[in-house]
Amino acid sequence: MKNINTNTNIHINLNHLVSYLVIFAFGLTIGSTFFTRDSPPNFHTFPFTLDLVNFTSSSSDDYDDTNNTTTTAINETINIKSYYMHQMEDPELLWRASMVPNLGGENLPSKFKTKKIAFMFLVRGPLPLAQLWEMFFKGYEHLYTIYVHSHPSYNESLPNNSVFHGRRIPSKDVEWGKFNMVEAERRLLANALLDVSNERFILLSESCIPLFNFSTIYSHLINSNKSHVEAYDLAGPVGRGRYSYHMMPHVMLSQWRKGSQWFEMDRGLAIEVVSDQEYFPLFQRFCTRACYGDEHYLPTFVSMKFSRRNSNRSITWVDWSKTGPHPGVFHRPLVTPELLTSLRSNNTCEYNGEKTDVCFLFARKFMPGTLTRLLRFAPQIMKFN
């Protein structure tokens, strides 16, 4: 009898164990399904508080000033000073940026209703034309934010009164022609998206200059109904010749596009870019070596998914009149009032359905030696100050 009871107990215990394993496996399946794109990649204490649970509703009523609960949550969780230096790795940063809702315009609480432009500088080290930009930004502190992605080893400090002081974000190494250039662009976008006041996002280099004063550029971008990502179909080895058939069927040859990496986009498109988990890994894997992902990923992605929201042109002028993989550069003797005037108005394009001669708002590549002439001509030609 004792042996029979022992065997029975063992049998019952085994049944319980099997039941527990089934329940555990079911729970694991549900959990893995739930924690997909909308879930954080790591579970640990974050370097600053951003309570994204409060941002789950898409109803505009949830962001009305009369809703004190939501307004208080946003006020308490958004700490702009913490956005620049943090310890988040890219997966966590991109996830958080993609979860910040598209709160632009009238849906923002009053504290955040001032629309800002995020100026994102992708640089190697110093900003040799910083004085020109200081002149450009002066007096408009409430209408812009600045983000600087430089080489991780660059640690030169800037004066406390500089508009670039404290604007560096956690960066990684970037090499010309490598796909980590695109990763840096998404890193800049993600950091800038954490500030819900940022409405437009412009990518710039250390050799870029503004062609108009701040108020003109601000009005032009804030009131634009389209983003500006250059995209065109180009036959030959430097266009369609860079396409990899490994991208089929997600990206077909007929969908392959090329364009300048110097983009400008609205908040909605920026969120789509940092949220992309279908095309970005594909380009990361197959757009290598001579493919140059910074010239193909965004043009192709935007053309395929959001063509109606895009102007298919860049607002940053670059001289490609010379042959070769790099654009022409401007040294001091070439910088004249005539040059700057021609860059400002010697073109025709479409803006909000109307023809205009204001097509390029920025230009590159201006070498450090051009600074003195630019400072001399800016008040006269660009109407600075």
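Visitor: Which residue forms a salt bridge with E295?

Guide: This is a predicted model, in which local features need pLDDT of at least 70 and side-chain atom pairs count only at pLDDT 80 or more, while totals for chains, interfaces and linings use all residues. Residues are numbered from 1 along each chain as its sequence is written, and side-chain values use heavy atoms, with hydrogens and water left out. A salt bridge here is a side-chain nitrogen of Lys or Arg within 4 Å of a carboxyl oxygen of Asp or Glu. For E295, the closest N and O atoms of the pair are 2.7 Å apart, and the partner is R242.

Visitor: How many residues apart are E295 and R242 in the chain?

Guide: Helices (H or I, at least four residues) and strands (E, at least two) are DSSP runs, numbered from the N terminus. E295 sits in the loop between α8 (279–286) and α9 (297–305), whereas R242 belongs to the loop between α6 and β5. The pair thus links distant parts of the chain, at a separation of 53 residues.

Visitor: Is R242 buried or exposed?

Guide: Buried means under 20% relative accessible area, exposed over 50%, and partly exposed in between, with a 1.4 Å probe and protein chains only. Because its relative accessibility is 14%, R242 counts as buried.

Visitor: Which residues do salt bridges that share partners join into one network?

Guide: Side chains of opposite charge can pair when their charged atoms come close. Here, salt bridges with shared partners make one network, and its members are R242, K258 and E295.

Visitor: Which residue's backbone oxygen does the side chain of K258 reach?

Guide: K258 is placed in the loop between α6 (214–222) and β5 (264–266), and it counts as buried because its relative accessibility is 12%. Contact means heavy atoms within 4.5 Å, and, leaving aside neighbours within four places in sequence, the residues in contact with K258 include Y232, V238, R242 and E295. The backbone oxygen reached by the K258 side chain, at 3.1 Å, is that of V238.

Visitor: Which residue meets R200 in a salt bridge?

Guide: The side chains of this pair come to 2.7 Å, N to O, and R200 meets E264. R200 lies in strand β3 (residues 198–204) and E264 in strand β5, so the pair ties together parts that are 64 residues apart in sequence. Both residues are buried, and the partner of R200 is E264.

How values were computed:
Polar contact = N/O pair within 3.5 Å; in protein donor to acceptor, adjacent residues only side chain to side chain.
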